[in-house]
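Open the model in your viewer and keep the sequence panel at hand. We will go from one selection to the next and look at what is there.

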Amino acid sequence: MLNKILYTLKLKKRPDVDRDKVLKAFPLRNQLITWEVDDKGEASLVIPQKDKFWVRITSKIFMLPDKRVVVLDSIGALVWQMCDGKHTITQIIKALQKKHQLTRKEAETSLFTFIKQLGKRNFIGFAIPTETKQNVATPQKPEPQKRFGFLSRG
């Protein structure tokens, strides 16, 4: 019983994020990943291997490269370029709709699936605007202030 309690205390609880917060989130690329876009519109992401002792030893023994390259097609490259912390998920959905003549549902479903995979692989994280409630006694500023929290795979 005590072990179970200690185990649950160690687990990090994911923040409660509803659909509206996700749509207002700002995806951010992992700064350790370098990338370039070619003339076809495809993006090549260069992902460095983890710097752990056993990974370095295994890489040397089996002559594995110290980095990995992932190639994104033109749609993935558009999304990757827009994951700059300046565009929200909603803005990326609208860009996909416009460029590839997709319905809102098609663009949203495809984007959510893609960014979920990028997030699982730690290629991107998300800055989620959080609203702080104003004191009722100070009505001069009715709009809530925005702060950003960072959500990554937990």
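Helices (H or I, at least four residues) and strands (E, at least two) here are DSSP runs, numbered from the N terminus. Keep in mind as you look around that this is a predicted model.

**Stop 1: a loop residue.** Select Thr88, which sits in the loop between α4 (74–82) and α5 (89–100). Is Thr88 buried or exposed? Its relative accessible area is 13%, and because buried means under 20%, Thr88 counts as buried. Now display its surroundings: leaving aside residues up to four places away in sequence, Thr88 touches Leu23, Lys24, Ala25, Phe26 and Pro27.

**Stop 2: one of those contacts.** Move on to Ala25, in the loop between α2 (19–23) and β1 (26–29). With a relative accessibility of 3%, Ala25 is buried. Which residues does Ala25 touch, not counting those up to four places away in sequence? They are His87, Thr88, Ile89, Phe126, Ala127, Ile128 and Pro129.

Stop 3: Next, colour the three strands of the open sheet, which follow the order β2-β3-β4 with antiparallel pairing. At the edges are β2 (34–37) and β4 (67–72), each pairing on one side only. Neighbouring strands in this sheet are turned against each other by 20° on average, direction ignored.

Zoom in on β2 and β3 (residues 43–48), which pair in the antiparallel sense over four bridges. Show Trp35 and find its bridge partner in β3, Leu45. Then show Val37, which stands opposite Ala43 in β3. Follow the chain through the hairpin of β2 and β3, where five residues lie between the strands; Gly41 takes a positive phi near 90° in this hairpin.

**Stop 4: a pocket.** To find it, select its lining: Asn30, Leu32, Ile33, Ile47, Pro48, Gln49, Lys50, Arg68, Arg121, Asn122 and Phe123. How many of these lining residues are nonpolar, polar and charged? Coloured by class, the lining shows five nonpolar, three polar and three charged residues.

Conventions: Residues numbered from 1 in each chain as written. Predicted model: local features only at pLDDT ≥ 70, side-chain atom pairs only at ≥ 80, totals over all residues. Heavy atoms only, no water. Buried < 20%, exposed > 50% of the residue type's maximum accessible area, 1.4 Å probe, protein only. Contact = heavy atoms within 4.5 Å. Pairing = 2+ DSSP bridges. Axes fitted to C-alpha atoms, helices over the stretch in contact; angles between N-to-C directions. 1 Å grid on protein atoms, 1.4 Å probe; cavity = no way out; pocket = protein on both sides within 12 Å on 5 of 7 lines; lining within 4 Å. Nonpolar A, V, L, I, M, F, W, Y, C, P; charged D, E, K, R; others polar.
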